[in-house]
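Visitor: Can you walk me through this model? Keep it brisk.

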Amino acid sequence: MRTHAQAVVIGGGLIGCSILYHLAKFGWTDVVLLERSELTSGSTWHAAANIHGLHDSTNISRLQHYTMALYKELEAETGQGCGIFQPGSLYLAQTEAREHQLRLQEAKARRYKMNFYEVARDEAERLHPLVDFDGIRCIMYEPEGGNVDPSGVTAAYAAGARQRGAEIHRFTPVTATEAQPDGSWIVRTPKGDIHTQWVVNAAGLWGREVAAMAGLQLPLIPTEHQYFVTETIPEIAAMGRRLPSVADRDGEYYLRQEGLGLLIGAYERKMKFWAEEGTPLDFGHELFPDDLDRIEENMLRAIARVPTVGTAGIKKVINGPMIWSPDSAVLFGPVPELSNYFCCNGIIPGFSQSGGMGKLAAEWMIEGEPSLDMFAWDMARFGHWAGKAFTKARVQDQYSHRFKIHFPNEERAAGRPVRTRPAHEMQKGMNAVFGLNFGWEHPLWFAAEGEPREETIGFTRQNWWGPVGREARMLRERAGIIDISNFAKYEVKGAGAEAWLNAVFANRIPVKVGYSCLTPLIGRRGGIAGDFTVTRLAADEFLVIGSGMAERFHQRFFKSVPLPEGTTFRSRTEELGGFNVAGPNSRELLSRLTNEDLSNTAFPFMRSRRMVVGGVDVVALRVSFTGDLGWELHCKAADQVNVYNALLNAGADLCAGPVGSRALMSLRIEKGYGSWSREYSPEYWPQESGLDRLIKLDKGDFLNKDAYQKIASETPRHKLAILSIDALDADATGGEPIFLPDGTPVGQVSSGAFGYSVNMSLALCYIKAGTAKAGDKVSVAILGRPHDAVILEKPPFDAEGARLRA
């Protein structure tokens, strides 16, 4: 066994072998995989191993299509069969909402030239004559859908890795992982130790135990999961061909052919946890006792749809463990608090995603960043707040509603609240409806007396659409008070603070006290890794404000630039609260609470100062994400209620009041402001998103400057634009594809909302360069149906910034 390696992968299941294969394929041949038992032990061997390409997330769809194509390449490359069956998959919609979902996925498939399209009932009956299609509104067909052999695929990854020089050691448990001062690791085993640059935790059911060796707690918990296989069904035996699988998600089961029978699986409401306190180390290829009563309701729905299931005998039942994250997506990426420790844990649809995960993992470790923006998978989306109680509640919700549609803007209640600020109870008393942002409860909107305080969900406009409009118009016409406490806030102090910030960010850091700047953070490929406001509070003190949900994500970038001696950097997000006071009457409102001169001459746009508001010390910034006249006020969390009360009382006779984040979304889109993880992403270059004007190449070195310089002179591949859409009952939310009138795909929506103060349904989007320009008509697939739209020359609200700088 090697004593040194570029990477050690812990776990010999499907994902561990895929990561090993891709590391070797991408050029790291000095890599080792350690498996405590046999390959495929744990969850891999008993998986149903279905494969499908479409997902609500466009990037995940792209990775799933990569995975499906890779299996055939693996067979040819290694000679190891993967047991690939691709008779296709039928997707059924019983409800209007499911039809909306499937039609949107079909529109996305057209944009990316993926094979997914609607079929008529007679064609569906020809494809699968055993299915009763009564009550089905819409049927989509994916010709490449099917399943693979779990052991065959894992063995193919392993064979491909070995062919490229990688080592695999079975029956070699890891007993310790020890971090070294230089960022490398010692991995200890009974067969000897390995000194490695990277540790990869792909330990599946034992991901928690392996993480604990490095002092890390992962939000994971296992459940039991059952499926059964029928005896031979005569109609299938006589068919002479393989039947497509059936995705009847409204029925809450999955069904496909297995041998000459059918395999039926379910995610039942009466779910069952397993090994909550830790996975037994001696567990491997065992199964749990059958418990079909738990999935009886799901089975009855499957029998109603495919009546032959009800008369077929049961050949075998598989009841085995799966391990879940709080949102059922993988915990993926380098651990921000550790050096060179990579996680890939909590994978559910592994056989649809294994190749994509392996590819992105190899890119991240070897090249420093994945080629696609996968924050939806990034383990940094959860923080220390995602403890055992939260994880258990969320996993129970995710498992028992596995096939429930994730609607745009949906906020699920399970496991909440986790983190609240002092104003939370006060906001509850004001009829606030709350959302979750990196564990924090924050107001989405405020219900008036008599209005429901629980929001409905769906693809069309919901019951919050009216109240949100009321708040948006109030701010634009008078003033509004927005709780912005969930913004990430950092303090940088010391003699080297300015130099450090200049070394991190692409814009020139303010040299004068009381000045602020907007600045991008550049990724390893030259894209936008973040956008921040940096304010100089004193000669040696700065306040940095960024995306709240990206706080842990951005730790990786901040850590990569060493702090000068005597300089400190710390998060103050938990210590500080904040409010944005914005709108044409915001100056009048704020003037009632302070003795400071707030005139445009004394306190112009992008300036700041420490001052007293309502008897409370605050840091005030003349900036507003609404695009309107306004100030951000940041105070100690203990003073949040006092500041809130003062603002609300001072604004009462001005008819100003509280505004939630849903209205803020609408207001910033009216102004054409981008948002991190939507318009601003590592996938997009600064010159594509319009942030290149904030990059100062003449100021000296900054993080990933060389990467930006490589692409700075490149012609933009696509450009950020704003659309006005003819929409009557639904607005774009993000992800909707955009087509020219002749059907040519040209882009995708990044954010969408109704602009209440301009009376337009709006969307920010990226349009492929050279395909369409301002004034051109395009079509946006809202609800999967074409909606006429026009590319606007400029944002419809205050394009020249007169209100903002008034």
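Visitor: What should I know about the numbering and the cut-offs?

Guide: This is a predicted model, where local features need pLDDT of at least 70, side-chain atom pairs count only at pLDDT 80 or more, and totals for chains, interfaces and linings use all residues. Residues are numbered from 1 along each chain as its sequence is written, and side-chain values use heavy atoms, with hydrogens and water left out.

Visitor: How many helices and strands are in the chain?

Guide: The chain has 19 helices and 37 strands. Both are DSSP runs numbered from the N terminus: helices are H or I with at least four residues, strands are E with at least two.

Visitor: How compact is the chain?

Guide: As compact as a globular protein of that length, because its radius of gyration is 27 Å, close to the 28 Å from the globule rule for 806 residues. The radius is taken over C-alpha atoms, and the rule is 2.2 Å times the number of residues to the power 0.38. Along the principal axes, the C-alpha atoms fill a box of roughly 85 × 60 × 50 Å.

Visitor: And what share is buried?

Guide: Buried residues are 61% of the 806. Buried means under 20% relative accessible area, exposed over 50%, and partly exposed in between, with a 1.4 Å probe and protein chains only.

Visitor: What about contact range?

Guide: Take contacts between residues at least 6 apart in sequence: 73% of them join residues at least 24 apart. Contact means heavy atoms within 4.5 Å.

Visitor: On to sheets. What is the strand order in the five-strand one?

Guide: S23-S24-S25-S22-S26, an open sheet with antiparallel pairing. Two strands pair if DSSP finds at least two bridges between them.

Visitor: Which strands stand at the edges?

Guide: S23 (516-522) and S26 (568-571). Each has a single partner strand, so one side of each lacks a neighbour in the sheet. On average, neighbouring strands are turned by 25° against each other, direction ignored.

Visitor: How many bridges join S22 to S26?

Guide: Four, between antiparallel strands; S22 covers residues 488-493. Glu491 has Arg570 in S26 as its bridge partner.

Visitor: Which helix lies across that sheet's strands?

Guide: H14, residues 551-559. H14 lies across S22, S23, S24 (528-538) and S26, at about 80° to S24. Axes are lines fitted to C-alpha atoms, for helices over the stretch in contact, and angles run from 0 to 180 degrees between N-to-C directions.

Visitor: Now the six-strand sheet. What is its order?

Guide: S28-S29-S30-S27-S21-S31, open, with mixed pairing. S28 (608-613) and S31 (657-659) stand at the edges with a single partner strand each, so one side of each has no neighbour in the sheet. S28 and S29 (616-621) pair antiparallel over six bridges. Ser608 stands opposite Leu621 in S29.

Visitor: Switching to H19. Which residues are buried there?

Guide: Lys705, Ala707, Tyr708 and Ile711, in a helix spanning 705-712. These buried residues fall within an arc of 160° seen down the axis of H19, so they line one face of the helix. The arc is that of the directions from the helix axis to the C-beta atoms. They pack against S23 and H18 (686-689).

Visitor: Last one: is Ala721 buried or exposed?

Guide: Ala721 is buried, at 15% relative accessible area. Ala721 lies in S32, residues 718-725. Beyond neighbours within four places in sequence, Ala721 is in contact with Ala763, Leu764, Cys765, Ile767 and Ile791.
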